[in-house]
Amino acid sequence: MELKIRVANPAGNVTIFVISPAKREDYAKISRELLCMEELHGEQVGFVEQKQDGSYHMEMMGGEFCGNATRSFGYLLSLLSKESEDEVWVDVSGSEKKLKVVLDMEKGTARTEMPLPLEIKEIVVEEESFSMVVFQGICHIIVKSHPKDQEFVDKLIEKAKEVYRCDAYGVMFLEENQMTPVVYVESTASMVWESSCGSGSMGAAVYLSKDIDTGEFVYELYQPGGMIEAYVEKEEGKVLSCKMGGPVTISEEMKVDIRWNEGN
């Protein structure tokens, strides 16, 4: 099966955008094949869907929300626009409303508005309590520690599933302003130690500001693939606004062949 794709690199969190139309029930299978193509260096897959009115929707491989993919999708839409707009509104999975992406095409950066957190839950693993920031479509567990082993991550995610059902779960190992992200997507059963995580950065920023009542807070979080800036605005304990951004590059369109059997 031949597919047209473009590969985005938002702070190392390489996202493969599938431009060719496909059936949603096939997204998980297509994603698994693309993620196995080592030459693409992909960490996740997003599907660009054209709607009847001519506008575009981006559906992540597991229907989850992804901040890095969202801002990369905005960057892609600006590239495709004749006017190379510096502001675009994007329609993406895991968000009930369209989100604004602000672009600086000269500097190669994109900053996106993010869905607001729904709540913060506590989970307990090995007699230790961890905060889990719940967003629509993805839940992020904050671990204030150096990265631990995969067995610990697996235990944490299994416990998180008991506490709150999400399309995807992230474990964010946080040491001051250094962050190492791990993301598990339920529908594809994919576990990736990511180069960076946009929604995870937002989760960390919400966590870091959770005990502060009112103000605007900016956190620079340095991850294996680069730095992501996360912004939180609060008033009387309530989060009013979340944004995150950083560098983005996007490849030219290319064609790939994947092994395909619609019966499997």
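**Contacts and ground rules.** I count a contact when heavy atoms lie within 4.5 Å. With that in hand, I found that residues 24 or more positions apart account for 58% of the contacts in the protein chain with a separation of 6 or more. A note to myself: this is a predicted model, where local features need pLDDT of at least 70, side-chain atom pairs count only at pLDDT 80 or more, and totals for chains, interfaces and linings use all residues. Residues are numbered from 1 along each chain as its sequence is written, and side-chain values use heavy atoms, with hydrogens and water left out.

**Overall form.** I looked up the secondary structure next and got four helices and 18 strands. Here helices (H or I, at least four residues) and strands (E, at least two) are DSSP runs, numbered from the N terminus. The C-alpha atoms fill a box of roughly 50 × 40 × 30 Å along the principal axes. I then checked the radius of gyration, taken over C-alpha atoms, against the globule rule of 2.2 Å times the number of residues to the power 0.38. For 264 residues a compact globule would come out near 18 Å, and the chain has 18 Å, so the two agree.

**Burial.** I call a residue buried under 20% relative accessible area, exposed over 50% and partly exposed in between (1.4 Å probe, protein chains only). Buried residues make up 55% of the 264 residues.

**Around β16.** Two strands pair if DSSP finds at least two bridges between them. Strand β16 (residues 238-247) pairs with β7 (residues 109-113) in the antiparallel sense over five bridges. Which residue of β16 is the bridge partner of A110? I found G246 there. Strand β15 (residues 226-235) also pairs with β16 in the antiparallel sense, over seven bridges, and K234 stands opposite V239. β15 and β16 form a hairpin with two residues between them, and E236 in the turn has a positive phi of about 50°.

**Nonpolar cores.** My core is a set of buried Ala, Val, Leu, Ile, Met, Phe, Trp, Tyr and Cys residues joined through side-chain atoms within 4.5 Å. The largest has 64 residues, and those with the most contacts inside it are L3, I5, L34, F73, V90 and M202. I followed L34: beyond its neighbours within four places in sequence, L34 touches L3, I16, V18, L40, V45, V256 and I258. Apart from that core lies another of 19 residues, I123, F152, V153 and C166 among them.

**Salt bridges.** The rule is a side-chain nitrogen of Lys or Arg within 4 Å of a carboxyl oxygen of Asp or Glu. How many salt bridges does this rule give? The count comes to 15.

I began with K155 and E126, which meet at 3.1 Å, N to O. This pair links distant parts of the chain: K155 sits in helix α3 (residues 150-163), and E126, 29 residues apart from it, in the loop between β8 (119-125) and β9 (128-135). K155 is partly exposed at 37%, while E126 is exposed at 54%.

K155 also bridges to E151, with the closest N and O atoms 3.8 Å apart. These two are four residues apart in α3, so about one helical turn separates them.

Also in α3, K159 and E162 are three residues apart and bridge at 3.4 Å. K159 is partly exposed at 30%; E162 counts as exposed at 61%.

Last entry: E158, K161, R165 and E186 are linked in a network of salt bridges.
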